[in-house]
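Please look at the sequence and the model before starting.

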Number of protein chains: 2
Amino acid sequence: MQDIQLDTRARTLLRTLIESYIREGQPVGSRTLARTSGLNVSPATIRNVMADLEGMGLVHAPHTSAGRVPTAAGYRLFVDALLEIRAPNREQVEAIESRFSLGASTQDLLDAAGSVLSSVTRLAGMVRLPRNRQVALSQIEFLRLSERRVLAILVIDGKEVQNRVLELERDYLQPELQNMANYLNAHLAGQSLHVVRGQLLAEMRSVRRDLDAMMLAAIDLGERAIGEDDPDDVLVAGETQLLNYDELADIHRLRQLLEAFHEKREILAILDQCIRADRVQIFIGRESGLEWFEHCSVVTAPYSVDGEIVGVLGVVGPTRMSYDRVIPIVDITARLLGAALNSRGEAPKTR
Amino acid sequence: MQDIQLDTRARTLLRTLIESYIREGQPVGSRTLARTSGLNVSPATIRNVMADLEGMGLVHAPHTSAGRVPTAAGYRLFVDALLEIRAPNREQVEAIESRFSLGASTQDLLDAAGSVLSSVTRLAGMVRLPRNRQVALSQIEFLRLSERRVLAILVIDGKEVQNRVLELERDYLQPELQNMANYLNAHLAGQSLHVVRGQLLAEMRSVRRDLDAMMLAAIDLGERAIGEDDPDDVLVAGETQLLNYDELADIHRLRQLLEAFHEKREILAILDQCIRADRVQIFIGRESGLEWFEHCSVVTAPYSVDGEIVGVLGVVGPTRMSYDRVIPIVDITARLLGAALNSRGEAPKTR
DNA sequence: CATTGGCACTCGGTGGAATGAAGCGCTGAC
DNA sequence: GTCAGCGCTTCATTCCACCGAGTGCCAATG
């Protein structure tokens, strides 16, 4: 895959070819290209160029006498160098924005993002749930369930609530637990979860002897409550949209695809690859490393809160999706989701 | 749809026809029937009988010279009168039983039930989540989140935890909340949720003037915490199994089907119809009231805890599913799920 | 009267041939 | 380098003939 210098004409042709193929879904012949490319050349000339492009592996003829179809490499070059991103339509932006209602919970916002992606792009949407490392812990409480089981309640951002059942070695009475919670709240509330965790660990290691037994137990308990992080997960929306695309209509493949969405593990793997990138990323066909993604592409963008990337969202669809439309939508959705999550951040501090 | 008296021979023929169609998925001709029915009659005779059956609307010929295919009415008669349920295979029962691991949470058990149904029957499984009216409330706690928002924590069966955020008219301080929780726990813990609710309402109405302000507030709070029941929901598993059946392979229908599973509302409606029946129930084709169920059947069975029906589970598949295999599986799964939920019921009382 | 064998008829599916359209490669001219 | 033209390849569609499965009807039979 050495990168190849193409003259302007070849680039124009490749671009119009791909655009046409994305629109029509059928091999594009030289005559069509001659008409639509805007260049003033004859089909014969175009045929020559196409032969070159085929030699470079950018296009491919399904059979001797059919038009050309872009290859994965062709798409790659296209999105990297030839694609003109449509300026995001103002109405669309507003339409998306309106789906993120102001008072919504994190879960609602994520759901909304998934459904926006899927409905606006008519593809399958997916949202990597945010790591909650950097969300602020506003309160922690313990509740004795039974002899050795304690329910830890984490209130995050003053809104989200998480429960965890802890199995303990000895029995704690409710007043004890109350005290520990008070201690932890006094010291740690308002910090982000991973900071809290770091502090707890640090305190446990270094200043152990300076603390009385209660605080020590409190720290231990706190660490255990925070430590067992939920297994990160991914949210998928509108996978049935993919039934609309003929090239995926092979029942067998389709089943594989839908099951992958169900399992989610592989989707997760793809999204995890993107979490570092700070802008829109595109995987074409097998670039994702999954064979059954042969005819699929993935467009993702990370979203961030407080300048820190907390998750990724994106869409999956046929390789011939209209990137010019999809890319800005994914981009905007990521931004707006980030913004929505952000604006909701000022938790009313309690106590 | 007057019920029709069929002589033994006609019944035998209808049965073998349907059995054959379920196996092969293709119209059944008179010769095949003559061979497989076990009756010692010629194809010609069978043709006469088939003409009668067709007159009664039990079978139908897709075109002049094809074999016969059962109609919805035919299936109905078949499952009502002709079907011989296979005795549940002991190994299968054990296989299913083993999927309900002993210590699992309610959610896990329900998931397991869905996945068992889908994998064993190779159809789409669904489980109506149990109404939690009759599960015992073992503990209730309140946690002040911010000025007017209180988190109510319901511990059910000593295991399950439910959170609800209540928006209140005035500010309550944590000690106040603690008192109210104590009061409620003392009076109500261990009762089933709907009993609790009834008690709360009764007390509020009748003995209002005998209670001090605190208890009154406590009762109000308790009522609000319990009152907003989660919207009941349904769990769907393995809907991609349906992609295996040719008769549903029409992409368009398939999409409708999968989207229905996604939406779940219509599935819910079907399941709700079954919640009263105390045994396996079967809907064939349009009997469910949904046109797009044309070629689908639904087999359901309620499951119960403590003798009280708390939910329904079942499968959806093509009309020509093998009822003799599916029915006992659905039946057993329902029983085993009930048993598993039951054995887990003895909540360790706290406090 | 129920049963049966026979016969003509009707469809749907299959396979091959014919036709047409789309499009390419190549060549030779400008 | 560009282009028109020619011949070739391939796929898709159509048409037709044919086969097989299966029916409906009828007349014969016990």
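**Exercise 1. The contact between the chains**

How many residues does the contact take from chain B, and how many from chain A?

Solution. Note at the outset that this is a predicted model. The contact takes 22 residues from chain B and 22 residues from chain A. On the side of chain B that touches chain A, the elements that give two or more residues are strand E4 (137–146), strand E5 (149–156), strand E6 (160–167) and helix H10 (251–263) of chain B. The largest share of that side comes from H10(B), which gives 6 residues. Sorted by class, the residues of the side of chain B that touches chain A are 12 nonpolar, 6 polar and 4 charged.

**Exercise 2. The relation of the two copies**

Find the rotation and shift that superpose chain B on chain A, and then say what kind of axis relates the copies.

Solution. Begin with the general principle that two copies of a chain are related by a rotation about an axis and a shift along it. Here a rotation of 180°, with 0.1 Å of shift along its axis, superposes chain B on chain A with an RMSD of 0.1 Å. The two copies are thus related as by a two-fold rotation axis. As a further step, compare the interfaces: 100% of the interface residues of chain B are also interface residues in chain A, so the copies meet through the same surface.

**Exercise 3. The surfaces near the DNA strands**

Describe the protein surface near DNA strand D, and then do likewise for DNA strand C.

Solution. Start with DNA strand D, which has 21 residues around it, of which A:Ser42, A:Thr64, A:Ser65, B:Gly29 and B:Ser30 come nearest. At least two residues each of the surface near DNA strand D are supplied by helix H3 (43–55) of chain A and by helix H2 (30–36) and helix H3 (43–55) of chain B, and H3(B) gives the most, with 4 residues. By class, this surface near DNA strand D has 7 nonpolar, 11 polar and 3 charged residues.

Turn next to DNA strand C, which is surrounded by 22 residues, the closest being A:Gly29, A:Ser30, B:Ser42, B:His63 and B:Ser65. The elements that give two or more residues to the surface near DNA strand C are helix H2 (30–36) and H3 of chain A, together with H3 of chain B. In this case H3(A) gives the most, with 5 residues, and the classes come to 7 nonpolar, 11 polar and 4 charged residues.

**Exercise 4. Two helix pairs in chain A**

At roughly what angle do the axes of H7(A) and H9(A) cross, and which residues of H10(A) and H11(A) make the contact of that pair?

Solution. The axes of helix H7 (residues 174–188) and helix H9 (residues 213–227) of chain A come within 9 Å and cross at roughly 75°. Angles of 65 to 115 degrees count as roughly perpendicular, and H7(A) and H9(A) are therefore roughly perpendicular to each other. Among the residues that make this contact are A:Tyr183 and A:Leu184 of H7(A) and A:Met214 and A:Leu221 of H9(A). By class, the contact of H7(A) with H9(A) has 8 nonpolar, 2 polar and no charged residues.

For the second pair, the axes of helix H10 (residues 251–263) and helix H11 (residues 265–274) of chain A come within 5 Å and cross at roughly 75°, which makes H10(A) roughly perpendicular to H11(A). The contact is made by A:Ala260, A:Phe261 and A:Glu263 of H10(A) and by A:Arg265, A:Glu266 and A:Ile267 of H11(A). The classes in the contact of H10(A) with H11(A) are 3 nonpolar, no polar and 3 charged residues.

**Exercise 5. Residues with a positive phi**

Where do A:Asp306 and B:Arg122 lie?

Solution. Recall that most residues other than glycine have a negative phi. Phi of A:Asp306 is near 55°, a positive value in a residue other than glycine, and A:Asp306 lies in the loop between strand E9 (296–305) and strand E10 (308–318) of chain A. B:Arg122, also not a glycine, has a positive phi of about 60°, and its place is in the loop between H6 and strand E3 (124–128) of chain B. A:Asp306 counts as partly exposed, with 13 C-beta neighbours inside 10 Å, and B:Arg122 counts as partly exposed with 18 such neighbours inside 10 Å.

Notes: Residues are numbered from 1 along each chain as its sequence is written. Chains are lettered from A and ligands numbered from 1 in the order in which they are written. This is a predicted model: local features need pLDDT of at least 70, side-chain atom pairs count only at pLDDT 80 or more; totals for chains, interfaces and linings use all residues. Two residues are in contact if their C-beta atoms, placed from the backbone, lie within 7 Å. Ala, Val, Leu, Ile, Met, Phe, Trp, Tyr, Cys and Pro count as nonpolar, Asp, Glu, Lys and Arg as charged, and the others, Gly among them, as polar. A residue is near a molecule or strand if its C-beta atom, placed from the backbone, lies within 6 Å of it. Axes are lines fitted to C-alpha atoms, for helices over the stretch in contact, and angles run from 0 to 180 degrees between N-to-C directions. Angles under 35 degrees count as roughly parallel, over 145 as roughly antiparallel, 65 to 115 as roughly perpendicular and the rest as oblique. Copies are superposed by least squares on the C-alpha atoms of residues with pLDDT of at least 70 in both. A residue is buried if 20 or more other C-beta atoms lie within 10 Å of its own, exposed if 12 or fewer, and partly exposed in between; C-beta atoms are placed from the backbone.
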